[in-house]
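Here's a quick walk through what holds this fold together on the side-chain level. Have the model open as you read, and click along.

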Amino acid sequence: MPHTTNSTCPKQPVIQALFGGTFDPIHYGHLQPVETLAYQTSLKQVILLPNHVPPHRPQPEATAQQRLEMVQLAVQDNPLFTVDKRELERTTPSYTIDTLESFRQELGHEQPLAFIIGQDALLSLHTWHRWQELLSLCHLLVCARPGYQTQFSTTEMQQWLTEHRVCAPNQLGNQPNGYIYLADTPLLPISATEIRQRRQQGLSCDDLLPPSVQKYIDSQGLYRQ
C-alpha cells in the first residue's frame, strides 16, 4: 500500500484571552463587544478577571464576593467565558503585569496569550504599572469605545502602536505575544456608573445587563444609596 502524507495545514494555536475589570456591575457593554471580538479573532475561551483593588479608579460599591457572583451569573450559560478569582484573592492592588506573569508561569512561554482592553485603556496605557513589559507577555486585543479618539497624544506612543499593530487576526496565533489588534466591535454607550445612577433614581436597567444580574442586584439591594 503506497505511503500517503498528511497534506492538511497545521492547526492554529488556541489563543487564551483575559478580560479584567471591576465589574461593578458587569453589563452588556462588557460582554457584547468581547463576544464580537472573540468571533473576529476565533477565540475559544475568554477568562474574566474581576479586580480586587483597582489602582486607577474609585473603590467598588459592591463587595468582592458580590461582584464575583454577578460575573458568574452573567456568563453561566455562555461557554465562551470562564471566571478566574486570582485577582480577588489578592490584598494588594491588581496590577495587570502581575496577573500576566502569573498566567505565563502556568501556560509556559509558547502558548499565545492575549489581554483584552478598551480603546480608552489603550490610550492611557503609558500610565500603567510596568506597561512597557506587557507585550513581552501577551498580545493586546483592543475593543473600540464610544467617544474616544483613536490616536495617541504623543508621536512616541503612536509609533509604538504602529510597530506592534497587526491587521489580520490570524497573525495572533503565529507567536505567543507582542502584537496589538484593534477590533471592530459594537459601540455600546453603557457604563457601570450609569447603571448605578439609574438604580439610585429608581429607573429600570433591564436593557443594560443580563436578567440574572439584575435579579441578583435586586435581591442584594445594591446601588440604592
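A residue counts as buried when its relative accessible area is under 20%, as exposed when that is over 50%, and as partly exposed in between, using a 1.4 Å probe and protein chains only.

Before going on, some ground rules. This is a predicted model, where local features need pLDDT of at least 70 and side-chain atom pairs count only at pLDDT 80 or more, while totals for chains, interfaces and linings use all residues. Residues are numbered from 1 along each chain as its sequence is written, and side-chain values use heavy atoms, with hydrogens and water left out.

**Aromatic pairs**

Rings of Phe, Tyr and Trp (for Trp, the six-membered ring) pair if their centres lie within 6.5 Å; planes under 30 degrees apart are stacked, over 60 edge-to-face, and the rest tilted. That rule gives three aromatic pairs. Phe 19 and Phe 23 have ring centres 5.8 Å apart and planes at 65 degrees, so they sit edge-to-face. Trp 131 and Trp 160 are edge-to-face as well, because their planes meet at 85 degrees, with centres 5.4 Å apart. This tryptophan pair bridges 29 residues of sequence, from the loop between H4 and E5 to helix H5 (residues 155-164); helices (H or I, at least four residues) and strands (E, at least two) are DSSP runs, numbered from the N terminus. Trp 131 is buried at 15%, and Trp 160 is buried at 13%. Ring pairs also bring in Phe 152, making a cluster with Trp 131 and Trp 160.

**Salt bridges**

How many salt bridges does the structure hold? There are 10, taking a salt bridge as a side-chain nitrogen of Lys or Arg within 4 Å of a carboxyl oxygen of Asp or Glu. Here are some of them:

| Glu 101 | Arg 130 | 2.6 Å |

Asp 218 belongs to helix H7 (residues 211-220) and Arg 199 to helix H6 (residues 192-200), so their bridge ties together parts 19 residues apart in sequence. Arg 199 is buried at 4%, whereas Asp 218 is partly exposed at 42%. Asp 207 counts as exposed, at 52%.

Back to the bridge between Glu 101 and Arg 130. Both ends are partly exposed, Glu 101 at 29% and Arg 130 at 27%. These two also belong to a salt-bridge network with Asp 98 and Glu 133.

**Nonpolar cores**

A nonpolar core is a set of buried Ala, Val, Leu, Ile, Met, Phe, Trp, Tyr and Cys residues joined through side-chain atoms within 4.5 Å. The largest one has 38 residues, and Ile 26, Val 46, Leu 48, Met 70 and Ile 116 touch the most other members. Elements giving it two or more residues include strand E1 (16-21), helix H1 (28-41) and strand E2 (45-50). A second, separate core has 26 residues, among them Leu 135, Val 142, Phe 152 and Met 157.

Which residues does Ile 116 touch, leaving out those up to four places away in sequence? Its contacts (heavy atoms within 4.5 Å) include Phe 19, Val 46, Leu 141 and Cys 143.
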